[in-house]
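Please read this briefing alongside the sequence and the coordinates. It goes through selected local features, grouped by topic.

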Amino acid sequence: MSLLSAGNRRDFLKLTAAGTLLGSGFTNRVSAAESCAPENLSQINVSHYLLRNVRLEEGFIRKQDVITATRTGLYDIEINGASVAGIHSPGFSSPLPAWDAGGHILLPATRDMHIHLDKTFYGEGWRAPLPRKSVIDMIHQEEQILPELVPTSEGRAEKLIGLLQSKGSTEARSHCNIDPISQLQGLAHLQQAIAHHRQDFSAKIVAFPQHGLLRAHVEGMMRGAMKMGADYVGGLDPTNVDGAMEKSLDTMFSIALDFAAPIDIHLHETEPHGVAAIRYMLKTVRDNPQLKGKVTISHAFALGTLSGKELDAMIEELKEQQFSIATTVPIGRVIMPLPQLRAAGIPVWSGTDTIADHWQPFGSGSMLEKANVYSQLYRGPDEYSLSRALGIATNEILPLNSQGEQQWPKAQDPATMMLVAASCSAEAVAHVAPVMATFHQGKQVFGALAKI
Ligand SMILES: [Zn+2]
């Protein structure tokens, strides 16, 4: 994809203009990139280069022990191959080709850890979901839509990957329908789409029995998907969809054990079925230690129905069996114990689920947006809380540790990162600030910067 096209140039200028409207102080720094003529903008096309005028976080500013702001400074960052090769003072003397980062803050790239790249409408104009009553109702709707979607799913998956990159994500975990209509064709198309982006995007695939593992009789097809190279075994509401909690979960686990594969199950069920399902999964992992650390629960709304000692005990067991949680940070009736899970050291990862399919139409594809919603729902508006919220989008890679010591980037870190039109990560989260450039393992995969 050439970023010198007129369309991308327009996008860049639009985003830069938006950036200058952000928070106090930001308008005072008119960057070189903003003042350059558009013809100076380019996408970096070499593997060893300098990014000059990069803003990095250096520490928290405190007033009487209260964190009030983030201290930053400008640096020249040297990238060689997939890694950060050096962090230099501004004006570093070097013959390397250089691009101007415009004083934008450099943050770790984000990850979309729950998306359905295989059945998106994205890229073909606006299309809202139909009214729905239940998950089963949605499955019936999907049976009508899939014959139209599956044959052409590869191109739309690639367009959605492009959108994620433009929002700062270079990694995704994508569920892929394994159902009697898609069979293994949707998987083959998704694998093709991902293969085309091997250099600029990392994606893992969950074989997902969207129409039920037992209900749709797809155990054999799921095994076929694992043989084709799917990375994770999926599952879905074992009581509400499959009508047989233990048998459904046992089947899912037996596929995982046979293929030595990890699991990522959609669990929308609440009390009592969802809680019972989580307890049964914990017991299964306890009895089969080779599954420890290999189970992700997506959505996990049942956790939002627990409180007090019951929740504490559940969190302790999830921690013990090394479960992880993927969440869209839902806004609704269920208040999820996401801060408690993170505080206990249980990985909590954000995902969009999609922004355009027949299940849901919301969002922009941005993980900064998810961190923003997380902050609004759970963590508060102060500098420290906003800076920590970014961790749900970056697998807890953050520029500063909780004491305010600089910990990212360091020399030899993967150069998987984004330049954001904000003064610090707290502002980036609060304003869902525009992403100006995205880098995946040293390669610029989105944006255009001024060549110096
Ligand atoms: Zn999903």
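In which loop is Asp353 found? Asp353 is found in the loop between β14 (348-350) and α11, in a model that is predicted. The points below begin with the backbone at this residue and then turn to ring pairs, helix packing and a contact across the sequence.

- Although Asp353 is not a glycine, it has a positive phi of about 75 degrees, and at 16% relative accessibility Asp353 counts as buried, because buried means under 20%.
- His299 also has a positive phi, near 75 degrees, in a residue other than glycine; the place of His299 is in strand β12 (residues 295-299), and with a relative accessibility of 4% His299 counts as buried.
- The peptide bond that runs from Glu271 to Pro272 is cis, with omega near -5 degrees, and Pro272 lies in the loop between β11 (263-267) and α8 (273-287).
- Trp408 and Pro409 are likewise joined by a cis peptide bond, for which omega is about -5 degrees; the loop that holds Pro409 is the one between α13 (391-394) and β15 (417-420).

**Aromatic pairs**

- The count of aromatic pairs comes to 3, and among them is the edge-to-face pair of Tyr49 and Trp99, with 6.1 Å from centre to centre and 85 degrees between the planes.
- Tyr49 lies in strand β2 (residues 48-63) and Trp99 in strand β5 (residues 98-100), so this pair ties together parts that are 50 residues apart in sequence.
- Both partners are on the buried side of the cut-off: Tyr49 is buried with a relative accessible area of 0%, and Trp99 is buried with a relative accessible area of 1%.
- The rings of Tyr374 and Tyr378 have centres 5.5 Å apart and planes at 50 degrees, so this pair is tilted.
- Tyr374 and Tyr378 are 4 residues apart in helix α11 (residues 367-379) and are therefore separated by about one helical turn; Tyr374 is buried at a relative accessible area of 0%, and Tyr378 is buried at 16%.

**Helix packing**

- Helix α4 (residues 153-166) packs with helix α5 (residues 185-196) at an angle of about 40 degrees, their axes being 8 Å apart, which means that α4 is oblique to α5.
- The crossing of α4 and α5 is right-handed, and the contact is made by Ser153, Glu154, Ala157, Glu158 and Ile161 of α4 together with His189, Leu190, Gln192, Ala193 and His196 of α5.
- Divided by class, the contact of α4 with α5 has 4 nonpolar, 4 polar and 2 charged residues.
- Helix α6 (residues 219-228) and helix α7 (residues 245-259) pack with their axes 11 Å apart and at an angle of about 30 degrees, so α6 is roughly parallel to α7.
- The crossing of α6 and α7 is right-handed; Glu219, Met222, Arg223, Met226 and Lys227 in α6 meet Thr251, Ser254, Ile255, Asp258 and Phe259 in α7.
- The contact of α6 with α7 is made up of 4 nonpolar, 2 polar and 4 charged residues.

**A contact across the sequence**

- Glu317, which is found in helix α9 (residues 308-320), touches Leu282 and Arg286, when residues up to four places away in sequence are not counted.
- From C-alpha to C-alpha, Glu317 and Lys283 are 9.5 Å apart in space, while they are 34 residues apart in sequence.

Note on methods
Residues are numbered from 1 along each chain as its sequence is written. This is a predicted model: local features need pLDDT of at least 70, side-chain atom pairs count only at pLDDT 80 or more; totals for chains, interfaces and linings use all residues. Side-chain values use heavy atoms; hydrogens and water are left out. Axes are lines fitted to C-alpha atoms, for helices over the stretch in contact, and angles run from 0 to 180 degrees between N-to-C directions. Helices (H or I, at least four residues) and strands (E, at least two) are DSSP runs, numbered from the N terminus. Angles under 35 degrees count as roughly parallel, over 145 as roughly antiparallel, 65 to 115 as roughly perpendicular and the rest as oblique. A crossing is left-handed if the near helix is turned anticlockwise from the far one by less than a right angle, and right-handed if clockwise. Contact means heavy atoms within 4.5 Å. Ala, Val, Leu, Ile, Met, Phe, Trp, Tyr, Cys and Pro count as nonpolar, Asp, Glu, Lys and Arg as charged, and the others, Gly among them, as polar. Rings of Phe, Tyr and Trp (its six-membered ring) pair if their centres lie within 6.5 Å; planes under 30 degrees apart count as stacked, over 60 as edge-to-face and the rest as tilted. Buried means under 20% relative accessible area, exposed over 50%, partly exposed in between (1.4 Å probe, protein chains only).
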